[in-house]
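Me: I'm new to reading protein models, and I'd like a close look at the salt bridges in this one. Could you walk me through them in one go?

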Amino acid sequence: MPAAAERLATLDAIEARVWAELAAAPQDKQHGWRLAVLATIDGDHADARSVVLRDADAVSRSLVFYTDARSPKVRQIEAHPLGTLVLWSQPLGWQLRLRVNLTLEASGLAVSSRWARLKMTPAAHDYLSPLPPGSPLERPQVERGSREHFAEVTATIVLIDWLELHPEGQRRALFDAGGRRWLAP
Ligand SMILES: Cc1cc2nc3c(=O)[nH]c(=O)nc-3n(C[C@H](O)[C@H](O)[C@H](O)COP(=O)(O)O)c2cc1C
């Protein structure tokens with residue numbers, strides 16, 4: 001569905017489509033927005049890494065990612081629960097820069113039920129390493145451990161900075177608590 005064929009005219013229509021695409025992305029491995037870059041604050045510098053979008057909810061304006069509870073990003077989020085997510089979709093020609101508040105959950109009913117589903121899949125391996133991510137290793141890989149270190153990161157969106165690349169000219173818009181407005185790209 002190329003953006004060029006149906007360029008959306010109004011800010012309302014663009015915001016609705018942004019949420020429809022975010023809701024579709026977790027189930028669609030081909031969707032560019034399934035993979036995001038999450039930037040966080042690490043002391044006095046920035047850090048960033050790829051994460052897979054697992055869930056999106058337009059009502060609470062939130063996105064969910066999974067991670068290893070011992071990973072450096074978790075410590076960074078605990079210290080500074082502010083982040084930026086960057087997503088790009090080639091077919092849409094749309095970049096999103098999302099200013100987000102980050103919260104962590106490593107226990108509770110929602111986390112246990114997600115883990116119960118995930119542990120039956122190959123992705124479970126990512127959360128079963130006996131060593132925390134970033135630990136120095138003698139060999140390139142570690143054996144699978146038996147205890148999971150699974151955590152969910154919820155990113156609540158406070159601002160959407162939308163950029164459209166298009167042959168007829170770029171467009172940019174901002175969506176936040178102050179409303180919707182066009183910006184110079
Ligand atoms: C395609 C791809 C998808 C990834 N998805 C995730 C993810 O969903 N969650 C995650 O914690 N790390 C994911 N990673 C690994 C992170 O990018 C990162 O290397 C790792 O989590 C350690 O990050 P940290 O040191 O900032 O905690 C992914 C990496 C790639 C290349």
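Reply: Arg7, Glu164, Glu168 and Arg171 are joined in a network of salt bridges in this predicted model. Side chains of opposite charge can pair when their charged atoms come close. The count of salt bridges comes to 14.

Let's take some single pairs next. Aspartate 12 forms a salt bridge with arginine 180, and their closest N and O atoms are 3.2 Å apart. Aspartate 12 belongs to helix α1 (residues 11–24) and arginine 180 to strand β9 (residues 179–183), so this pair ties together parts that are 168 residues apart in sequence. Aspartate 12 is partly exposed, with a relative accessible area of 49%, and arginine 180 is partly exposed too, at 44%.

Now look at arginine 114 and glutamate 152, whose side chains meet in a salt bridge at 2.7 Å, N to O. Here arginine 114 sits in helix α3 and glutamate 152 in strand β7, so the pair ties together parts that are 38 residues apart in sequence. How buried are these two partners? Arginine 114 has a relative accessible area of 16%, so it counts as buried, because the cut-off for buried is under 20%. Glutamate 152 is buried as well, with a relative accessible area of 3%.

The side chains of aspartate 68 and arginine 70 meet in a salt bridge, 2.8 Å from N to O. Both aspartate 68 and arginine 70 are buried.

Notes: Residues numbered from 1 in each chain as written. Predicted model: local features only at pLDDT ≥ 70, side-chain atom pairs only at ≥ 80, totals over all residues. Heavy atoms only, no water. Salt bridge = Lys/Arg side-chain N within 4 Å of Asp/Glu carboxyl O. Helix = DSSP H or I, 4+ residues; strand = E, 2+ residues; numbered from the N terminus. Buried < 20%, exposed > 50% of the residue type's maximum accessible area, 1.4 Å probe, protein only.
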